[in-house]
Amino acid sequence: MIGVKSRAPAMLVWLALFAALPAQAQAQAQPAAADREAAHQAYVAGDFDRADGILRKLLQDNPGDADLLRRHAAVQAALGDVGAAQGTIDRAIALSPGDPDIQLARANILFWRGQLAEAQAQADQVSAQYPGYPGLDRLSASLEQARKDRKLRLRSISVGGSVSDATFASGLDQTWYVQRGAIAAGWGNGNVAAFGIEREERLSTDTRLSARVDLPGGTNRYFIAGGVTPNADFRENWSLGGGAEFGVSRSTTLLVDGRFAEYRSDDVVALGAGLRQRFSPTLELTASSIHLIGGGEDYRLGGALRADYRHPRLPEMFAVLASYPDAEVDGTRQLRAIAAGARFDLSDTLMLGLTGEYESREDSYERSALSLDLRWRFGER
């Protein structure tokens, strides 16, 4: 998979690149026509690996066939290797520089690589020679939308809060309150920056400011995040971290992250590693480990298991089981937690989230909480 906002437009472009016949081709028999058709059928069926294998064999016997190279470039793009697709289509256009199908294929591949100016220049060459050429209008619309998307724009605004009942080992009972808000903006193809504020009231009150930037990288994603709590009582003074998601396959993602936090009494380093597995279009499971150094202990280990269920006609639902080292100003204690929640689309732009959770912090407190969040979306989710 490549870093695009929707798989459907990508498939339309790739199919057009693969299936279109050269405009200036002679009406003559081509070598290994049955194999070409088999590659085409495999591509249409989504079996890109098979199509790739067939085309590679054909190209061994016909390395100078520009149309085969164009088709192979489309398959490489569908497999997510747009760098290789660029090299292949450049070979095709060197062999047949005046072929509008190859020119249009190259423009589309440049577009998917994010090289908008180069894609526009290649499309202009096709338009100058063949105004209204099939597929040109779709590419022009995609280029115009991509230029708009590269501008910084508001993605979402969120507000929420929670109320908790906390009972301490001493028998003391407290009610805690949290109020929070966040704003997110995006630019380019999947870049997002979010800024948040969270005010938590216990016997004292801490207000934490946070920021996070998410950046795509092909089938991977990367993030950096940080926070600061002025005059912190029980939260960290400041923290800084980052992580990545690596697409191992179409259904498996490797997760890694790290974070440093400074508290009034100690410093903490937390490292995480996990695996997310999609079992079906509706069910996804994530298992992760948590490794913490500091906080009054040399080393502590924890883990979490999360299930997400998404159905087009039902609310999104999730559940979490976790046991992990939790750092606060009084040191690090093992915390066991269970949580479940659902997200409801109230309209095309407004989403409501409800979460219930229970946690037990070793030699500290037990807490049950109910959270409610509202999120306004602008543009795509």
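How many bridges join strand β8 to strand β9, and do these strands run parallel or antiparallel? Strand β8 (residues 267-278) and strand β9 (residues 283-294) are joined by 11 bridges and run antiparallel. The model described here is predicted. The protein has 381 residues, and its secondary structure comprises 8 helices and 14 strands. The points below begin with the whole protein and then turn to particular strands, rings, charged side chains and loops.

**Overall picture**

- Of the 381 residues, 38% count as buried.
- The accessible surface of the protein comes to about 19,700 Å². Carbon and sulfur atoms account for 58% of that surface.
- Among contacts between residues at least 6 apart in sequence, 46% join residues at least 24 apart.

**The β8–β9 hairpin**

- Strands β8 and β9 form a hairpin, with 4 residues between them.
- One of the pairings across these strands involves L271, whose bridge partner in β9 is H291.
- L283 is found in strand β9. L283 counts as partly exposed because its relative accessibility is 33%, which lies between the limits of 20% for buried and 50% for exposed.
- Leaving out residues up to four places away in sequence, L283 touches Q277, R278 and D308.
- The C-alpha atoms of L283 and Y309 are separated by 4.8 Å, although these two residues are 26 apart along the chain.

**Aromatic rings**

- The structure holds 8 aromatic pairs. One of them is formed by Y43 and F48, with 5.3 Å from centre to centre and 55 degrees between the planes, and this pair is tilted.
- Both Y43 and F48 are buried.
- F168, W176 and Y365 are linked into a cluster by ring pairs.
- R202 lies over the face of W176, at 4.0 Å from the ring centre. R202 also lies over the face of F234, in this case at 4.2 Å from the ring centre.

**Salt bridges**

- Side chains of opposite charge can pair when their charged atoms come close. In this protein the count comes to 26 salt bridges.
- D214 and R212 meet through their side chains in a salt bridge, at 2.9 Å from N to O. D214 counts as buried because its relative accessibility is 16%, whereas R212 counts as partly exposed because its value is 35%.
- R276 and E284 form a further salt bridge, at 3.8 Å from N to O. E284 is buried because its relative accessible area is 15%.
- The side chains of R310 and D308 also meet in a salt bridge, here at 3.9 Å from N to O. R310 counts as partly exposed because its relative accessibility is 35%, while D308 counts as buried because its relative accessibility is 5%.
- Salt bridges with shared partners join E245, R276, E284, R306, D308 and R310 into one network.

- E359 lies in strand β13, which spans residues 350-361.
- E359 is buried because its relative accessible area is 8%, under the limit of 20%.
- Apart from its neighbours within four places in sequence, E359 is in contact with L335, R336, A337, Y365, E366 and R367. Among these residues is Y365, which also belongs to the ring cluster with F168 and W176.

**Loop residues with positive phi**

- N231 is not a glycine, yet its phi is positive, at about 55 degrees. N231 lies in the loop between β5 (220-228) and β6 (238-247).
- N231 counts as exposed because its relative accessibility is 77%, over the limit of 50%.
- D363, likewise not a glycine, has a positive phi of about 55 degrees. The loop between β13 and β14 (365-377) holds D363.
- D363 is exposed because its relative accessible area is 67%.

Methods: Residues numbered from 1 in each chain as written. Predicted model: local features only at pLDDT ≥ 70, side-chain atom pairs only at ≥ 80, totals over all residues. Heavy atoms only, no water. Pairing = 2+ DSSP bridges. Helix = DSSP H or I, 4+ residues; strand = E, 2+ residues; numbered from the N terminus. Buried < 20%, exposed > 50% of the residue type's maximum accessible area, 1.4 Å probe, protein only. Contact = heavy atoms within 4.5 Å. Areas by Shrake-Rupley, 256 points an atom, 1.4 Å probe, with all protein chains shown as cover. Phe/Tyr/Trp six-rings, centres within 6.5 Å; stacked < 30°, edge-to-face > 60°. Lys NZ or Arg CZ within 6 Å of the ring centre and 35° of its normal. Salt bridge = Lys/Arg side-chain N within 4 Å of Asp/Glu carboxyl O.
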